[in-house]
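Take a look at the model below. We will walk through its helix packing and then its pockets.

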Amino acid sequence: MGEIVIRHVVDEDAGALLQLYSQPDTMADTLQLPHPSLQKWQERISKIPEGTHMLVACIEDRIVGQITLYINGPARRRHTASFGLGVDTHHRRKGVAKAMMCAILDLCDNWLGVERVELTVFADNQAAVGLYEHFGFETEGRARRFALRNGEQVDALYMARLRP
């Protein structure tokens with residue numbers, strides 16, 4: 001396996017992101033709906049809001065993961081951020097998510113002044129929960145019947161990491 005390179009998303013990445021999130025297992029671990037359109041991805045990339053950082057993970061110039069960091073805008077919440085990520089099903093457990101997490105936490109800790117990073121994760125996604133715990137995230141609560149996934153309402157965990 002080649003080196004994992006993290007970089008900012010570019011317009012030409014829309015097709016690769018469409019493929020990534022068209023994978024049933026990848027999509028199911030997010031709040032996205034099945035059958036995303038290329039146009040929707042093109043719009044997301046071309047209209048990235050202020051305070052949002054969309055990165056991709058590449059191996060040998062192929063996108064194998066994507067992460068978006070959202071800095072909260074309201075004045076009293078500017079010290080906080082949240083994120084969402086997805087990893088190609090063929091590249092899981094190979095360090096892709098870990099590399100993306102390192103990149104966004106470096107941004108938060110060393111460049112953006114973010115003190116608190118928050119997330120929600122499906123409670124049954126043990127691989128993701130373990131990854132987040134590795135980076136110092138702690139579970140702060142459980143949202144019962146948080147979202148609909150494959151016809152079932154599933155719980156999610158609220159997790160957060162305070163800057164060391």
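What follows is a short tour of this predicted model.

Start with how helices pack. Two packed helices are described by the angle between their axes and the distance between the axes. Take helix 1, residues 14-22, and helix 3. Their axes lie 9 Å apart, at an angle of about 120°. Angles of 65 to 115 degrees count as roughly perpendicular, and those over 145 as roughly antiparallel. Helix 1 and helix 3 are therefore oblique to each other. The crossing of helix 1 past helix 3 is right-handed. Which residues make the contact? Helix 1 brings Ala14, Gly15, Leu17, Leu18 and Tyr21, while helix 3 brings Leu38, Trp41, Gln42 and Ile45. Seven of these contact residues are nonpolar, two are polar and none is charged.

Now move to helix 4, residues 96-110, and helix 5, residues 126-134. Here the angle is about 40°, and the axes are 11 Å apart. Angles under 35 degrees count as roughly parallel. Helix 4 and helix 5 are therefore oblique to each other. Helix 4 also passes helix 5 in a right-handed crossing. On the helix 4 side, Ala97, Lys98 and Met101 take part, and they meet Leu131, Tyr132 and His134 of helix 5. This contact has four nonpolar residues, one polar and one charged.

Next, the empty space. Rolling a probe the size of a water molecule over the atoms shows where empty space is left. The largest pocket has a volume of about 1,000 Å³. It is lined by 41 residues, and the closest to its centre are Asp29, Gly84, Leu85, Gly86 and Tyr132. Tyr132 is also part of the contact between helix 4 and helix 5. Several elements give two or more residues to this lining, including helix 3 (38-46), strand 2 (52-59), strand 3 (62-71) and strand 5 (116-122). Helix 4 and helix 5 are among them too. Which element gives the most? Strand 4 does, with six residues. By class, the lining has 21 nonpolar, 13 polar and seven charged residues.

The second largest pocket has a volume of about 210 Å³. Its lining includes Met27, Ala28, Pro34, Phe122, Arg149 and Asn150. Helix 2 (24-28) and strand 6 (138-149) each supply at least two residues. Strand 6 has the largest share, three residues. This lining divides into eight nonpolar residues, three polar and one charged.

Methods. Residues are numbered from 1 along each chain as its sequence is written. This is a predicted model: local features need pLDDT of at least 70, side-chain atom pairs count only at pLDDT 80 or more; totals for chains, interfaces and linings use all residues. Side-chain values use heavy atoms; hydrogens and water are left out. Axes are lines fitted to C-alpha atoms, for helices over the stretch in contact, and angles run from 0 to 180 degrees between N-to-C directions. Helices (H or I, at least four residues) and strands (E, at least two) are DSSP runs, numbered from the N terminus. A crossing is left-handed if the near helix is turned anticlockwise from the far one by less than a right angle, and right-handed if clockwise. Contact means heavy atoms within 4.5 Å. Ala, Val, Leu, Ile, Met, Phe, Trp, Tyr, Cys and Pro count as nonpolar, Asp, Glu, Lys and Arg as charged, and the others, Gly among them, as polar. On a 1 Å grid over the protein atoms alone, a cavity is a set of points where a 1.4 Å probe fits but cannot get out, and a pocket is an open set with protein on both sides within 12 Å along at least five of seven lines; lining residues have an atom within 4 Å of a point. Grid points are joined across faces, edges and corners, and a volume is the space filled by probe spheres set on the points.
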